[in-house]
Structures are given as C-alpha cells and as structure tokens.
Amino acid sequence: MVAAPSALAITDQKTPADVAAALGKVIRPPVIWLHFQDCTGCTETLLRPSHPGLDDLILNLISLEYHETLMAGSGTLAEQALAEAVQRYSNQYICVVEGSIPTGGHGAYMKLAGRPAMDVLLEVGGKASTIVAIGSCASWGGVPSADPNPTGAVGVEDILPRARIVNLPGCPPNPYTLLGVVLQAASNGTLPELDQQRRPKFAYDRHIHEHCPRRAHFDAGHFVKQFGDQGHRQGWCLYEMGCKGPDTHAGCATRHFNEIPDVWPIGIGAPCIGCTEKHVAFRMPQFQVVPLHTEVAPPSAYPPIIEPQGKVSPIAAGLVGLAAGALAGASYVASRKFSTVPDDESVPGPGPSASAGPANGGSGTGPEERP
Ligand code: FSX
Ligand code: SF4
Ligand code: F3S
C-alpha cells in the first residue's frame, strides 16, 4: 500500500500541536469551503475525527475562511468574508468543494447570494492553489447526477478541467483522507501521488474486497441469498446481494467511520454500493453483481461445502476437467465409487453400467451385484 502522507501520523503519541510545529512557517493554510448540491454528509464526516478534533483542526492546523455550515456569520457578512478571503489569499488558498454543480437551466437550479453555483465555482475555484473535491458529488456528480440527472449535475473537473484538483470520492468519504491531503499540501506544497482519476493512492489503491473481513466467506462460497437469512445473520459474503467491493477502490475495510469499529457499510451488513467509483455508484443497479478481477467467479468456482453424498458437482467437475484432464478422471472415478444411485445421470462420464449393465448383455443387473 502506498505510504500515507505525514499528516496521517497524528496519533495518541503525536498531537496536532506536534504536527503544527513540524509544519514550520506554512501553518494554518487558508481554506475556503464551498457547498453546492449535497446532503452535507461530507461536512458531517469531518466533524467526527478526534485526531485532530474539529477544534484543533480549525484553531491550530488550518484557517477556515468560509464554510456555510460552520461559520458564525451569515448573509451579507458571510459573502463579504468570502470575497475578502479570495482577494487576500488569491492563488494560495485551498478550495474544498462539497456537492455537485448544476449546469442545467442556465444556472436556475442553485444560486448563492443571487449568483449561479457554476459562476461561484469558476471564480473561487479558479483562484485557488488547489481544489479538493470532497465526496462523490463534487468529484463527478454523485447522487444528483443519477439518471435522468434533471439539474445537469457535474463534478468540479467538468467545470475546471485544467485546475489542480484532488478527488476524494465517497458518499461520504473518510475524513482522514481529506486531513492527510490538506495537511500535506500545507506542509510542503505537494500533493500525494494520485491515480488516473485524481484520487490519492494512499487511500484508493486497493479494492475493498482485498481487505474485507467477509472475504473468507467469499472464498469458501458462503453467500447471503436474502437479507435476514441465516447467512446474513452469520456475516457471510454479500457478493450475491450486489456488493460492489470487488470493483471498488477505497479504504473503508480498514478505516472505519466515526472511529467506531465495524461502522462502515459491509460492517453493518449492507452491500458496498461502490460509492468511490465513477462508473459504479448511482450508475449500476443496486443488486447487479460486478465483474471479478480474478480468473474465476463464484459460485461456479467453488463447489458447495455440503454436497449430497454420491455426487460431484457437475460444474465443479467440469471446471476441474478444463484445468486438468487427469483430475477430472479422478473426479469421475470417485463419484462413481461413492454413488448410491443406479445409473446416476447427473454424474459425468459413462457409468459402470456401460460395461457391466444389461444393455451390454451382462448378466448382472442389480446394484448389489456391482463390486
Ligand atoms: Fe454527496 Fe457530500 Fe454523498 Fe452526501 O455533502 S458525496 S450526497 S454523503 O455528503 O456531497
Ligand atoms: Fe466483502 Fe463484498 Fe468482497 Fe464479499 S464481495 S468479500 S462482502 S467486499
Ligand atoms: Fe462506499 Fe463501499 Fe465504502 S459504499 S463507504 S466504498 S464500503
């Protein structure tokens, strides 16, 4: 896994004050936070961390110049604060964008202080040193862009394609990912290594499936078939319920939400909807299974754990046969040996009756006469 930025080293041993000291002169970078079409879940998630807590974040580590939900001022005073911050810190501030931007209806779907959302982004985002698109909505449209996308919702990169943008998709994303990016940018002006979708690799370089605590059940062929069934109660794999974990890059399996163990979708028994992937969440039907990035796919790849005596799963035997003919032969021999049903047609290959049964003129007819 790619190394996390230094800011993520805030722990019980390393306090925000230590990190602030380590940041040197360039501490408390100005941050302007814009809200567009969202549910405010991205801000809510930022209120939860304890390393640093919100107070440490705002008072010691960043200088939050404008944030509609957290700032005390409102109306004209708030808009004045925004204009002054944009002017004073031009090309120095970090602009965090939450929510998608409606492009339809000539800006009629959302206005801030009488100005279309898109115009506000063009101005404020255009003068930022870095834009952090927090959440799937700001990254590429998210929930509001789901078909039929009535407002023409898009992400930041569709409006400002040449800007220095970091996407932090997730609905909502993990707050420590934001803190890591912002504090690294503040400390030395650099950004963490990004993938092709501008996501920091330290948080998005692996599929959830790789670290999922239900993975052992996937490998064993234990699948939930229905919400509330016995498998669901026992924590089995949610793949057949449409879990998108095998096709979703995110760190949820190892960094849970609200700093509470098992507080993440799969941890509470809900399939992952792929909220960090542009082509998955709000695009694919919830119960549609995703392709697996492996050679084989369950359940056909895995024989049932409990097999009725006397049979080898035809599918399993077929797969084995494709891989190794000799082993398929062994499967057949074993299946015939354990069969308790005369001329069992579900068992592949010619049965013993082919050489010993009455159809071949033999005298023995009953199974009791077989060796
Ligand atoms: Fe979108 Fe943020 Fe989803 Fe909500 O506000 S990423 S709807 S959880 O949280 O913008
Ligand atoms: Fe976990 Fe989903 Fe993979 Fe099953 S399919 S192991 S629930 S990520
Ligand atoms: Fe989203 Fe899936 Fe994580 S739905 S929060 S990426 S488990």
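## Surroundings of ligand 1

Helix H6 contributes three residues to the shell around ligand 1, the most of any element. The structure described here is a predicted model. In total, 14 residues surround ligand 1, and the closest of them are Asp-38, Gly-41, Gly-135, Cys-137 and Cys-171. Two elements, helix H2 (41-46) and helix H6 (135-140), each give two or more residues to this shell.

By residue class, the shell around ligand 1 comprises six nonpolar, six polar and two charged residues.

The shell around ligand 3 has no charged residues; nine of its members are nonpolar and three are polar. Three cysteines, Cys-252, Cys-272 and Cys-275, belong to the residues around this ligand. Also found there are Gly-170, Ile-208, Thr-248, Ala-250, Trp-264, Pro-265, Ile-266, Ile-273 and Thr-276.

## The position of Ala-128

Ala-128 is located in the loop that lies between helix H5 (117-126) and strand S7 (130-134). Is this residue buried or exposed? Ala-128 counts as buried because it has 26 C-beta neighbours inside 10 Å, where 20 or more are required.

The C-alpha atoms of Ala-128 and Asn-91 are 4.8 Å apart in space, although the two residues are 37 residues apart in sequence. When neighbours within four places in sequence are left aside, Ala-128 is in contact with Tyr-93, Ile-94 and Cys-95.

Technical notes. Residues are numbered from 1 along each chain as its sequence is written. Chains are lettered from A and ligands numbered from 1 in the order in which they are written. This is a predicted model: local features need pLDDT of at least 70, side-chain atom pairs count only at pLDDT 80 or more; totals for chains, interfaces and linings use all residues. A residue is near a molecule or strand if its C-beta atom, placed from the backbone, lies within 6 Å of it. Ala, Val, Leu, Ile, Met, Phe, Trp, Tyr, Cys and Pro count as nonpolar, Asp, Glu, Lys and Arg as charged, and the others, Gly among them, as polar. Helices (H or I, at least four residues) and strands (E, at least two) are DSSP runs, numbered from the N terminus. A residue is buried if 20 or more other C-beta atoms lie within 10 Å of its own, exposed if 12 or fewer, and partly exposed in between; C-beta atoms are placed from the backbone. Two residues are in contact if their C-beta atoms, placed from the backbone, lie within 7 Å.
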